Amino acid sequence: MTIKLHVFPLSPRAFKVMWAANHLGISFEPMLVDFLKGAHRTPEFTGINPNMRMPVLEDGDYVLWESNAILQYLAAQRPESGLLPEETKSRMQIVKWQFWDSAQWDPACAIFAFENHVKKLFGRDEPSESELARGGELFARLAPVLDAQLQKHRYVAGDTLSLADFSLGATNYIAEQAKFPLEPYRGIQRWAADLRSLPSWQKTAAEAPAILNAS
């Protein structure tokens, strides 16, 4: 049975799970959650995720939400990929960065994504200068942490691609539209370029608009 991924493909959180599935060679059926039409509020969708958020994975009768949890589920289907090692200490280095993404990096990126990209997409008000200033303060604290790691290593959790890169790297999918203030951070810029060069990234970037337009 083919895995279903319920996604709004313009979102980095959706991009990360589709990207991981493509990278791992896992076939999936994309199910559009069209936020522009309020699809996330329908009884059909809230029945699988009462949080009214995507992405959501369905594998037969099994339902899973939260993008980083979905990444771990997908990686477990292909343990030979090495994206999430079995050895505890190596695994926890990756999981640590996934938690950091959920608690720190994603919320900071979300401010710029909402103010500079989502508002324009949905025809809302102009970006809030106070919110962008708050996002700038968060970036000034957090980006040096990530950049320092990427100055020392090719990838987030070391010198091998891992789920940490999928968790944190998907925000680069909308970096231009969201206007993330990444100019001072050469390590992040180099890493982002590496990720964008991956065939799985390019495949996912080509698929995403097609999923949206299919509606």
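Select β1 to begin: four of its five residues are buried, so the strand is largely enclosed by the rest of the structure. Buried here means under 20% relative accessible area, with exposed over 50% and partly exposed in between (1.4 Å probe, protein chains only). Strands (E, at least two residues) and helices (H or I, at least four) are DSSP runs numbered from the N terminus. A word on what you are looking at: this is a predicted model, where local features need pLDDT of at least 70 and side-chain atom pairs count only at pLDDT 80 or more, while totals for chains, interfaces and linings use all residues. Residues are numbered from 1 along each chain as its sequence is written, and side-chain values use heavy atoms, with hydrogens and water left out.

**The sheet**

Which order do the strands take? The open sheet has four strands in the order β2-β1-β3-β4, with mixed pairing. β2 (28-32) and β4 (62-65) are the edge strands, each with a single partner, so one side of each has no neighbour in the sheet. On average, neighbouring strands are turned by 20° against each other, direction ignored; the axes behind such angles are lines fitted to C-alpha atoms, for helices over the stretch in contact, and angles run from 0 to 180 degrees between N-to-C directions.

Take the pairings in turn, remembering that two strands pair if DSSP finds at least two bridges between them. β1 and β2 run parallel and are joined by five bridges; pick L5 and you'll find its bridge partner P30 in β2. On the β3 side, β1 (residues 3-7) meets β3 (residues 56-59) in the antiparallel sense over three bridges. Good picks there are K4, whose bridge partner in β3 is E58, and H6, whose bridge partner in β3 is V56.

Carry on to β4, which pairs with β3 in the antiparallel sense over four bridges. D59 has Y62 as its bridge partner in β4. Between β3 and β4 is a hairpin turn of two residues, and G60 in that turn has a positive phi of about 65°.

Next, show α1. Helix α1 (residues 12-24) packs on the sheet, touching β1 and β2 (contact means heavy atoms within 4.5 Å). The direction of α1 makes about 155° with that of β1.

Select F15 and W19, which both lie in α1, four residues apart, about one turn of the helix. Both are buried. Their ring centres are 6.0 Å apart with the planes at 40°, so the pair is tilted. The cut-offs: rings of Phe, Tyr and Trp (its six-membered ring) pair if their centres lie within 6.5 Å, and planes under 30 degrees apart count as stacked, over 60 as edge-to-face and the rest as tilted. The structure holds 13 such aromatic pairs.

**Into the core**

Go back to L5. What does L5 touch? Leaving out residues up to four places away in sequence, its contacts include V17, M18, A21, F28, M31, V56, L57 and I70. L5 is also one of the residues with the most contacts inside the largest nonpolar core, along with W105 and L146; that core has 66 residues. A nonpolar core is a set of buried Ala, Val, Leu, Ile, Met, Phe, Trp, Tyr and Cys residues joined through side-chain atoms within 4.5 Å. Helix α4 (residues 88-121) supplies the largest share of this core, nine residues.

**Helix α4 and beyond**

In α4, pick W97 and W100, three residues apart, about one turn of the helix. The two make an edge-to-face pair, 5.2 Å centre to centre with 80° between the planes. W97 is buried at 6% relative accessible area, and W100 is buried too, at 16%.

Two last stops. G136 lies in helix α5 (residues 129-152) and counts as partly exposed at 28% relative accessibility. M52 is in the loop between α2 (43-46) and β3, and is partly exposed at 33%.
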